[in-house]
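Visitor: I would like to go through some of the terms used for this model and hear the grounds for each.
Guide: Then let us take them one at a time.

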Amino acid sequence: MTFTGKRIAVIGAARTGVAVAQALVPRGASVCVLDGKPEAELALAAAALSAAGATSVWGRDDGPEVAAADIVVPSPGVPKHAPVLRGAVERGQTVWSEPEVAWRISAAPIIGITGTNGKTTTTALLGRMLADAGLDARVGGNIAPGRPLIDLAADAPADAFLIAELSSFQLEWIDGFTPLIGIITNITEDHLNRHKTMAEYTAMKARLFENQTLAEHAIVNADNPLALDVGRSSKGTLWTFSRTTAVERGAFMRSGDMVFRDGETETEIVHASKIRIPGSHNRENAMAAAIAARIVGVPVDSLARTLRDFAGVEHRMEVVAEIDGVTYVNNSMCTNPAALASSLSAFWRPVVLIAGGAEKGLDFAPVPPMMAAWCRAVFTIGDFGPDLAAMAETAGVEPVRHSGDLASALAEAVKVAQAGDVVMLAPGCASFDQFADFEDRGNQFKALVKAQAAK
């Protein structure tokens, strides 16, 4: 598609807004970026937009510039019901998300990964698998840190692969977007403060597959009923992965081995004990990535090497240090109950848990049984900390305490942890009550652990 002469209104001047301007102005578009914050708060973005040749409006995100646009591109943080977007829809304007625009300018095929948990690890691992095999793999999208998908698409050659983590927010405003390969790692409760119901949240995830044909591929978790149902709705070629059951096309675990199957052909890839990233949930991520890599031709021996070498992603089951026989793990990206529940069994060792933060209206029923099974102690932080502490007490964990802040929680965790234990930051909640974001939370945890190691 050509954007020459098109008037583009971008809502939000964060990295998405800047990236859209930088990609479309050179393609002949007239881009105006609007943001409700004052220019002084976004000085770097303002300078980048000016350098890109875009115009900008500060202190409001609506107005005649939006009404006059041919295409409105909202940043992911702008909810669907925002007045500026409702107005655009009522006027009959085209509203496209940044991934939609990226797909329309990209010469390279896109591999899109979404899901409630595991999408960042799957995205990064798949990128490594392709790069280790000598392919031109460019990783970005919603992954942090990383480049926006449109930034990757702007200069990628046709023989590259764009591997993009995609959030449900980014999928709200797609139209023709069609990934060569789409992966849904799983679908469990999350972001109901934005999507309101599980049906709506699931529908947004399902949009990843809605334009696929048999020329494209859909990869889903066969052990997750919602993801499997969504996969069956795709018109693409369906691949599945399972930790518990052999599948006809895809990957599964058998006697500890990861097996790839395509019809009658089976190939053992690697034994689970050789996969470097810990946890049964990461076996699912590894299988999803391996299927996609096999689809684009990565040899099995190369996949096995990558799985043996790949250490994981920062803030996702990240081993920070071992002090006096105790392993300290930063899993700050754990922001929902399902992620918290699965994190507790990842190391098959007693866990001294640090959890809590800003709650998002989710069901924590899966968490207490896992606390009872795996936690030596629980120390909580943040707004939802008292509720989690009550859950741990009900589950029979002792000691349990609402520490309040991260430094206090870690200090108490150090006192009770025994050699062989794992002290794990796995909040199960959002970070915004006490931290700038999950990276800030994880970085503060790592700094506290390193200070402890230096004593």
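Visitor: Which strands does helix α15 lie across, and at what angle does it run to β18?
Guide: The model is a predicted one. In it, helix α15 (residues 367-374) lies across β17 (351-355) and β18 (375-381), and its direction is at about 130 degrees to that of β18.

Visitor: Which residues make the contact between α17 and α18?
Guide: From α17 come L406, A407, L410 and V414; from α18 come R441, Q444, F445, L448, V449 and Q452. By class, seven of the contact residues are nonpolar, two polar and one charged.

Visitor: Is the crossing of α17 and α18 left-handed or right-handed?
Guide: The crossing is right-handed.

Visitor: What makes β15 and β19 edge strands?
Guide: The open sheet has six strands in the order β15-β16-β20-β17-β18-β19, with mixed pairing. β15 (318-323) and β19 (400-404) each have a single partner strand, so one side of each lacks a neighbour in the sheet.

Visitor: How do you know that β16 and β20 pair?
Guide: Pairing requires at least two bridges. Strands β16 (residues 326-330) and β20 (residues 422-425) have four, in the parallel sense, and therefore count as paired. In β20, V422 is the bridge partner of T327.

How values were computed. Residues are numbered from 1 along each chain as its sequence is written. This is a predicted model: local features need pLDDT of at least 70, side-chain atom pairs count only at pLDDT 80 or more; totals for chains, interfaces and linings use all residues. Side-chain values use heavy atoms; hydrogens and water are left out. A crossing is left-handed if the near helix is turned anticlockwise from the far one by less than a right angle, and right-handed if clockwise. Helices (H or I, at least four residues) and strands (E, at least two) are DSSP runs, numbered from the N terminus. Contact means heavy atoms within 4.5 Å. Ala, Val, Leu, Ile, Met, Phe, Trp, Tyr, Cys and Pro count as nonpolar, Asp, Glu, Lys and Arg as charged, and the others, Gly among them, as polar. Axes are lines fitted to C-alpha atoms, for helices over the stretch in contact, and angles run from 0 to 180 degrees between N-to-C directions.
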